[in-house]
Amino acid sequence: PNAFSRLTFRALLAPEIGQSTRSIRSVKLLPVGVERGYYTATGPLVGWLVRSGIRPNTITTVGTLLVVVSAVLFGFGHIRTGGVVLLLSGAMDTLDGAVARLGATASRFGAFYDSTLDRISDGATFIGIAAYLLHAPDVAYRNLAIILCMVATLASLVVSYARARAEGLGIDCRVGIAQRAERILLLGLPS
């Protein structure tokens, strides 16, 4: 095998005896500095949420409801408003984990709940966009655009499944070109 396949697939092999995990590098679209700046800026809000006693699962639920509202707005052709609401939901999606960590309330159920609602959110977003494409006037290549929404939904689900499956096998898997935060920004900002 060539050097690329050894580099790529070696990390996917089961851990060797005496090793508990392997790491797979992440490819991110957002520079680390932008990510750090965002977390620094939202730090005071996270602290306030913890002091106020707002639970991470409540934030997760509200964020998911915002995504569903965004999807409905997209579906009815309110693209700009749908994009703004989607970006707001993305901010909520980053807050729940930060509140759980800072408030020492992180739990296995919370991680499961967040992951499950994230999948619902991904699906809802692309369904809303596809619903708009079904009835929007003057859409060139309408069928192709709708099929691309289906592919995007499948891709977002596969990324999360692969990550969960790898972690279940003891592999630290943080790969993907457009992770959830990047997908929200890529859809929300141009709207």
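Q: Before we look at residues, what do buried, exposed and partly exposed mean here?
A: Buried means under 20% relative accessible area, exposed over 50%, and partly exposed in between, with a 1.4 Å probe and protein chains only. This is a predicted model, in which local features need pLDDT of at least 70, side-chain atom pairs count only at pLDDT 80 or more, and totals for chains, interfaces and linings use all residues. Residues are numbered from 1 along each chain as its sequence is written, and side-chain values use heavy atoms, with hydrogens and water left out.

Q: Is Asp 138 buried or exposed?
A: Asp 138 is exposed, because its relative accessible area is 79%.

Q: Where is Asp 138?
A: Asp 138 lies in the loop between helix H5 (108-135) and helix H6 (142-168); helices are DSSP runs of H or I with at least four residues, numbered from the N terminus.

Q: What is its phi?
A: Asp 138 is not a glycine, yet its phi is positive, about 55 degrees.

Q: And what about Tyr 141?
A: Tyr 141, also not a glycine, has a positive phi of about 55 degrees. Tyr 141 sits in the loop between H5 and H6 and counts as exposed because its relative accessibility is 67%.

Q: Changing topic, how do H2 and H4 pack?
A: Helix H2 (residues 32-51) and helix H4 (residues 79-102) pack at an angle of about 60 degrees, and their axes are 9 Å apart. Axes are lines fitted to C-alpha atoms, for helices over the stretch in contact, and angles run from 0 to 180 degrees between N-to-C directions.

Key
Helix = DSSP H or I, 4+ residues; strand = E, 2+ residues; numbered from the N terminus.
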